[in-house]
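Reader: I am new to this structure and would like to understand the words used for it. Could we go through them together?

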Protein chains: 2
Amino acid sequence: MALNVTQKLIKDHLVAGEMTPGEEIGLTIDQTLTQDATGTLVMLELEAMGLDYAKTEASAQYVDHNLIQEDNKNPDDHLFLESATKRFGLYYSRPGNGVSHPVHMQRLAKPGKTLLGSDSHTCANGCMGMLAMGAGGIDVAMAIAGEPFYVKMPEVWGVKLTGSLPDWVSAKDVILELLRRHDVKGGVGKVIEYYGPGVKRLSAMDRHVIANMGAELGATGTVFPSDKKIRKFLKQQNREQDWIELKADPGATYDIQEEINLSKLEPLVAKPSSPGNVVPVREVEGEPIYQSYIGSSANPGFRDFAIVAEMVKNKQVANGVSLDINPTSRQMLTNLVNEGYMANLIPAGSRLHQAGCNGCIGMGQAPATGRNSLRTTPRNFPGRSGTKEDSVYLSSPETAAASALTGEITDPRKLKIKYPDIKLPKNPKVDTNLLDQPLAIEEARQMPLEKGPNIASIPEMLELPSTLEVPVLLKMGDNISTDEILAGGARVLPYRSNLPEISKFTFEMIDDSYYDQSMKLRDQGGHAIVGGFNYGQGSSREHAALAPRYLGLRVALVKDFARIHWQNLVNFGILPVTFVNEEDYEKLEQGDILQFTNLRNNIRNGYEFSVQMKGKGQSIPVRHALSDRQVEIMLKGGLINWVKDRKETANK
Amino acid sequence: MALNVTQKLIKDHLVAGEMTPGEEIGLTIDQTLTQDATGTLVMLELEAMGLDYAKTEASAQYVDHNLIQEDNKNPDDHLFLESATKRFGLYYSRPGNGVSHPVHMQRLAKPGKTLLGSDSHTCANGCMGMLAMGAGGIDVAMAIAGEPFYVKMPEVWGVKLTGSLPDWVSAKDVILELLRRHDVKGGVGKVIEYYGPGVKRLSAMDRHVIANMGAELGATGTVFPSDKKIRKFLKQQNREQDWIELKADPGATYDIQEEINLSKLEPLVAKPSSPGNVVPVREVEGEPIYQSYIGSSANPGFRDFAIVAEMVKNKQVANGVSLDINPTSRQMLTNLVNEGYMANLIPAGSRLHQAGCNGCIGMGQAPATGRNSLRTTPRNFPGRSGTKEDSVYLSSPETAAASALTGEITDPRKLKIKYPDIKLPKNPKVDTNLLDQPLAIEEARQMPLEKGPNIASIPEMLELPSTLEVPVLLKMGDNISTDEILAGGARVLPYRSNLPEISKFTFEMIDDSYYDQSMKLRDQGGHAIVGGFNYGQGSSREHAALAPRYLGLRVALVKDFARIHWQNLVNFGILPVTFVNEEDYEKLEQGDILQFTNLRNNIRNGYEFSVQMKGKGQSIPVRHALSDRQVEIMLKGGLINWVKDRKETANK
């Protein structure tokens with residue numbers, strides 16, 4: 001049978017299940033990626049599991065999120081991560097070395113491999129002919145320990161690229177076009193595979209831009225073929241030996257078919273406050289901006305910065321505009337300096353920041369109250385910038401640079417200048433100085449873990465009871481993101497290794513009495529929440545499941561779930577159920593009390609069962625989507641209990 | 001009479017008092033400088049005073065402290081400051097343009113002028129042949145409004161520089177030597193004036209290094225002559241027309257005489273946790289470091305970065321060392337890029353940060369728990385780095401770079417390499433893009449002030465009563481810094497425009513129950529504190545007076561005061577008194593109740609009076625040092641009341 005690239009990657013790594021879309025499959029994982037905001041928990045989980053040494057081919061821990069060192073907390077976490085990488089045999093990318101996705105692509109990504117990462121944009125490395133997927137931290141911990149990764153077999157969504165990009169239109173506009181067509185849940189349950197004659201006209205880094213924001217469509221992954229462009233990229237990284245060709249078989253088909261004619265695209269922009277809120281730039285032209293922000297894993301490439309430098313060369317940013325430059329790696333910064341682009345960028349009025357995620361995750365660079373920020377980042381969920389009622393637009397670097405010059409959102413074609421011809425460096429500098437190699441196993445076993453005073457263990461969690469009586473503490477609408485469940489940003493993230501502290505921020509964007517109310521109910525059986533469609537979209541951070549669980553959340557009843565958050569709920573023993581009849585959503589109100597009886601048997605014996613609304617004499621049919629394996633995890637009260645139990649059984 | 005440079009500057013600006021050391025004099029102020037951490041309050045004070053337009057020759061507002069934008073607070077303050085500069089006719093140096101002191105030196109400093117700044121390191125511009133002094137914000141507000149600045153006529157401390165600096169010893173070691181000899185209060189009541197044959201071998205920026213840390217000696221100012229080196233510097237800044245020669249008259253004398261033979265100096269380091277704790281580097285060699293930090297107004301020059309770049313070129317920082325590069329201005333960053341130094345600095349493993357004050361003021365880059373940080377910054381007071389129990393050493397860039405390479409404190413002479421020959425750029429780039437010019441008066445009058453939601457007015461304050469009964473809430477030792485009274489840093493500074501919020505951090509380093517206790521006493525007459533020598537040294541931030549006053553502090557009884565903080569106490573209506581007999585300090589304990597009677601008359605009628613210790617049957621003689629003008633201010637309850645009152649009287 002003729003296979004597409006995604007099917008080949010899955011077939012090569014399949015250890016459980018059938019390749020039928022919707023069925024749970026188990027995949028071996030070759031590589032993992034963790035970043036610091038999620039990684040401390042992963043390392044604590046590895047410790048709890050008693051891991052001796054990583055079983056993967058390559059596992060890398062990046063420090064790119066929490067670079068602001070206001071006090072001891074972030075730097076202590078960095079040291080803890082460093083000690084854990086030494087202990088468990090991982091790569092360690094030091095603070096300031098760069099954003100995980102482009103650095104992983106440069107140093108470790110290999111065509112034909114699987115990559116699992118505790119960051120929702122892990123799919124970015126799908127640009128390298130990999131099956132690269134975001135997951136919760138504990139899934140990544142399991143992968144490092146050599147366990148398969150379980151996921152629903154995706155549909156493969158073939159997107160045929162034809163034509164070639166016109167001047168002033170770039171890779172970011174390709175993925176914004178897909179978001180314009182399909183919105184933020186268009187990719188749920190799917191791997192987006194790009195093919196067709198347009199692909200070869202996109203550089204490896206252009207493909208990274210497109211692959212990265214597959215996360216914004218909710219996709220399981222993004223896959224590109226591995227061709228000459230990938231070989232060229234690897235050669236420039238002194239890694240040509242890691243290249244293999246990988247392409248779809250002749251006659252391969254896709255579960256879903258789509259075409260984008262690159263020649264027909266125009267500059268696009270996502271309006272506040274969703275990456276799916278896409279319109280042509282011309283429709284919002286003239287909107288004044290306060291900030292133009294260049295960087296992030298959604299536009300990490302040399303050209304993405306160089307083109308801005310060419311556009312602002314010998315000019316000056318408009319009065320009152322902050323042009324924020326966030327290099328994505330030290331290697332890229334060095335190349336921009338060496339090729340002369342930085343010398344044009346800074347005098348035009350730029351603020352040059354440290355290499356890292358920075359404002360993309362709300363780690364600094366928040367906009368002022370009531371002002372518009374235009375960013376090349378992947379996301380603009382409400383409050384993600386750090387400012388509560390923010391107004392963030394997403395665009396290509398070309399649009400962001402044109403707008404920085406005029407002070408208002410501007411279609412770059414209106415500048416009436418020649419489209420800059422960006423030459424990639426012939427011999428780009430390769431920088432491995434801040435990426436520490438794993439220690440050999442004997443040496444690793446001697447290394448102690450260094451735990452600073454802010455690093456707290458994960459408290460024990462109870463099994464799922466058979467009878468639950470839980471009030472609905474929150475009723476929410478559609479598309480609630482993990483940023484709204486538990487914000488990222490510089491205010492919150494320093495507590496990521498301290499569950500009791502970070503829990504205080506849970507749902508504060510939605511209802512700031514949630515924490516107090518949940519704490520009152522915590523020892524009386526806990527509570528439930530009700531949500532709409534696409535519940536838990538966005539960032540993969542598992543704290544968005546772990547913190548509510550700590551506060552007593554036992555059941556999430558929604559119209560449907562975003563994939564990674566659903567998996568995180570399962571992993572931490574929160575029962576995720578959906579309405580059998582979506583209209584039942586209307587029957588429920590905040591304060592209603594849900595009664596579950598015979599719950600352990602119900603979830604073991606089928607997918608559908610009923611929940612009583614106490615005092616209302618009504619019952620609502622609900623459905624779970626757990627595999628047999630996940631049912632066992634849920635009954636135990638989460639994956640940590642399940643792993644512990646399995647170890648104990650094995651030791652008997 | 002033959003005058004030294006300091007006397008000339010004072011004589012040229014004298015409007016009140018006699019030039020007798022210790023007497024209060026009034027000086028006209030030509031230029032002012034405010035930074036964002038202190039500036040918002042200054043702008044609110046200008047508004048409260050009803051200022052129409054700045055009366056100075058040049059007043060500049062810099063945004064260099066609070067560059068971390070975690071949420072709307074800092075960027076809202078930036079916009080408020082921008083709007084205030086437009087309204088009042090000031091220069092506005094945008095966020096990311098650079099640190100106030102070097103940028104002011106490059107763009108606005110003029111030999112022969114006076115400069116008053118709401119930053120304790122304002123004295124740095126004394127390198128330009130100016131009388132440059134740090135002061136509380138409200139003093140600067142008064143100066144912008146055209147009022148004279150009142151200060152005690154300083155003694156002039158002549159420091160004769162002879163010889164020339166050996167290889168591996170630089171300007172920072174000169175000022176560390178002075179601190180080694182005289183400690184952190186050696187300069188109190190003095191202007192340090194450098195002269196002699198060694199001066200001409202120091203560049204303008206070298207002199208900046210030395211002048212800047214006059215603040216660490218507690219000096220009123222630092223003065224250098226204006227000679228050919230200053231002319232050359234101004235020429236490079238396209239401002240040769242601003243140069244005048246300024247030198248001591250032949251036969252001029254100094255109140256105090258001292259000599260430093262530059263040829264005899266060796267690399268020095270200030271050990272934790274005081275800039276006065278200076279020893280030769282060789283005495284602490286081998287101490288492991290976690291961080292090497294390059295930058296700040298204490299080493300702001302091109303050469304200070306270029307020499308580090310040369311030293312680490314084609315090498316790699318030691319494992320586990322964070323080499324943090326903090327450019328001091330965008331102009332300097334551009335020149336480092338253009339001259340090729342940045343291309344050597346980054347690949348060696350540096351973390352390049354935004355131009356600004358950054359970690360020097362605890363705005364990021366805090367060290368991990370229990371680790372040593374080696375910095376080229378001016379200060380290492382406890383906790384200033386952001387980490388509570390920190391361990392910060394201060395040194396020259398040469399020592400910091402050598403230590404970054406070895407991972408431990410290292411005398412740079414031990415590297416056994418050739419001392420790099422740093423060539424300053426022939427035609428350095430001048431960058432005025434982010435320094436906005438003042439508006440003309442007619443246009444300025446049309447500009448509104450933009451106040452974000454976190455900007456709160458200063459509450460009304462009561463007059464000084466004649467009878468006070470106040471318990472001693474804290475008894476402290478010597479050298480308490482304003483960082484300990486009210487910390488700076490990223491956690492605290494965002495509240496600088498919100499007095500009720502920022503007050504919660506008052507004295508928390510010393511006693512974390514202070515806030516709660518003071519709030520209980522606030523409406524019952526308030527409280528007093530007792531301190532030792534050099535009380536209130538360090539940063540000039542007036543919040544360190546305003547916040548305790550807001551919490552009810554009425555009297556500070558200490559052995560002696562640091563100059564700027566003393567002035568801030570007066571300005572905000574806290575009575576600063578010293579022990580007539582220092583041994584009485586021992587008699588007082590926390591909890592003792594001080595009774596003042598006939599207080600208004602006492603401070604009006606003399607300098608000494610007595611305070612009763614309630615229930616102990618003892619009284620203690622105390623002394624104030626207020627001028628007649630300051631007595632009036634104190635009686636009114638502070639400068640704001642005094643100005644308001646004067647305006648009302650004038651309007652009658």
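Reader: What makes the pair Glu450(B) and Arg371(A) a salt bridge?

Author: Happy to start there, with one reminder: this is a predicted model. A salt bridge needs a side-chain nitrogen of Lys or Arg within 4 Å of a carboxyl oxygen of Asp or Glu. In the pair Glu450(B) and Arg371(A), the closest N and O atoms are 2.6 Å apart. That value lies within the 4 Å cut-off, so the pair is called a salt bridge. The count between chain B and chain A is 2 salt bridges.

Reader: How many residues does the contact take from chain B and from chain A, and what area do the two chains bury between them?

Author: Chain B gives 54 residues to the contact, and chain A gives 54 residues. Between them the chains bury about 4200 Å², with 49% of it on carbon and sulfur atoms. Of the area that chain B buries against chain A, Gln69(B), Glu70(B) and Arg351(B) supply 16%, more than any other three residues.

Reader: How do you know that the two copies are related as by a two-fold rotation axis?

Author: Look at what superposes them: a rotation of 180° with 0.0 Å of shift along its axis places chain B on chain A, at an RMSD of 0.1 Å. The copies are therefore related as by a two-fold rotation axis. The same surface serves both copies, as 100% of the contact residues of chain B recur in chain A. Among the residues of chain B, His353(B) comes closest to the rotation axis, at 2.7 Å for its C-alpha.

Reader: Why does Thr40(A) count as buried?

Author: Buried means under 20% relative accessible area. Thr40(A) has 0% relative accessibility, so Thr40(A) counts as buried. The residue sits in helix H2 (residues 36-49) of chain A. Leaving out residues up to four places away in sequence, Thr40(A) touches Asp77(A), Phe80(A), Leu81(A), Arg496(A) and Ser497(A).

How values were computed: Residues are numbered from 1 along each chain as its sequence is written. Chains are lettered from A and ligands numbered from 1 in the order in which they are written. This is a predicted model: local features need pLDDT of at least 70, side-chain atom pairs count only at pLDDT 80 or more; totals for chains, interfaces and linings use all residues. Side-chain values use heavy atoms; hydrogens and water are left out. Contact means heavy atoms within 4.5 Å. Buried area is the accessible area (1.4 Å probe) that two parts lose on being put together, summed over both. Copies are superposed by least squares on the C-alpha atoms of residues with pLDDT of at least 70 in both. Helices (H or I, at least four residues) and strands (E, at least two) are DSSP runs, numbered from the N terminus. Buried means under 20% relative accessible area, exposed over 50%, partly exposed in between (1.4 Å probe, protein chains only).
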